[in-house]
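Here are a few notes to read with the model open beside you. Take them one at a time and find each spot as you go.

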Amino acid sequence: MSEHELTQAELFDVFSNARRRRAVQYLKQCGGGCDLAPLVEQVAAWENDTEPDEVTRTQRRRVYISLYQTHLPMLEDHGIVNWDPDGHRIELLPSDDVFEPYLDRHLGSDRAWYRLYAAATVAGVVFFAVAWLAVGPVTAAAAPVIGLALCLVILALSIAQHVSRRPDLQLTSGTAGR
């Protein structure tokens, strides 16, 4: 375990590898510690864009070997985790606020934002087409209102996405905190 504060260069070096970032992110999600097996499954799932129970033996083995032989020892050498290779137990050390900016904040996010943006775009195109063709009660005069409404929907989606990816922001009573 490292006895000194990590420099920014060391932090960049440690977290330049996505597998190490994902391992630390998973440890944070687990409350600071876990056994090696669930860590391996989740990291392999993130890397292969699948669910942990759908990870193949080959995918799991590839992640296991590199975590065991390279990444967990390096994280321990830098004082980020306490790694027991015999007991297969990993504990995140309490200095996680130092390396938080280097982690992937969106891992595990299950919301497909691109689908919401695509749906808003399709709805806008349909409403503009209906207004342009003057079908039913909607006329060409409604186009500016439709455009404004579409802009507001896109803005609301952008704000929601931003807030969802920022763990330090919390919505309380309709306002963003901290």
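Helices (H or I, at least four residues) and strands (E, at least two) are DSSP runs, numbered from the N terminus. This is a predicted model, where local features need pLDDT of at least 70, side-chain atom pairs count only at pLDDT 80 or more, and totals for chains, interfaces and linings use all residues. Residues are numbered from 1 along each chain as its sequence is written, and side-chain values use heavy atoms, with hydrogens and water left out.

1. Start with Arg21, which sits in helix H2 (residues 18-29). Arg21 counts as buried because its relative accessibility is 16% (buried is under 20% relative accessible area, exposed over 50%, partly exposed in between, with a 1.4 Å probe and protein chains only). A polar atom of the Arg21 side chain lies 2.7 Å from the backbone oxygen of Phe15.

2. Now look at Leu148, in helix H7 (residues 143-164). At a relative accessible area of 53%, Leu148 is exposed.

3. Where does Ala112 sit? You'll find Ala112 in the loop between helix H5 (96-99) and helix H6 (113-133). Ala112 is partly exposed, at 23% relative accessibility. Ala112 and Gln161 are 49 residues apart in sequence, yet their C-alpha atoms are 9.9 Å apart in space.

4. Next, some backbone angles. Most residues other than glycine have a negative phi. Asp49 has a positive phi, near 50 degrees; Asp49 is in the loop between helix H3 (36-47) and helix H4 (57-77) and is exposed at 75% relative accessible area.

5. His88 also has a positive phi, near 55 degrees. His88 lies in the loop between strand S2 (81-84) and strand S3 (89-92), and is partly exposed at 29%.

Key
Polar contact = N/O pair within 3.5 Å; in protein donor to acceptor, adjacent residues only side chain to side chain.
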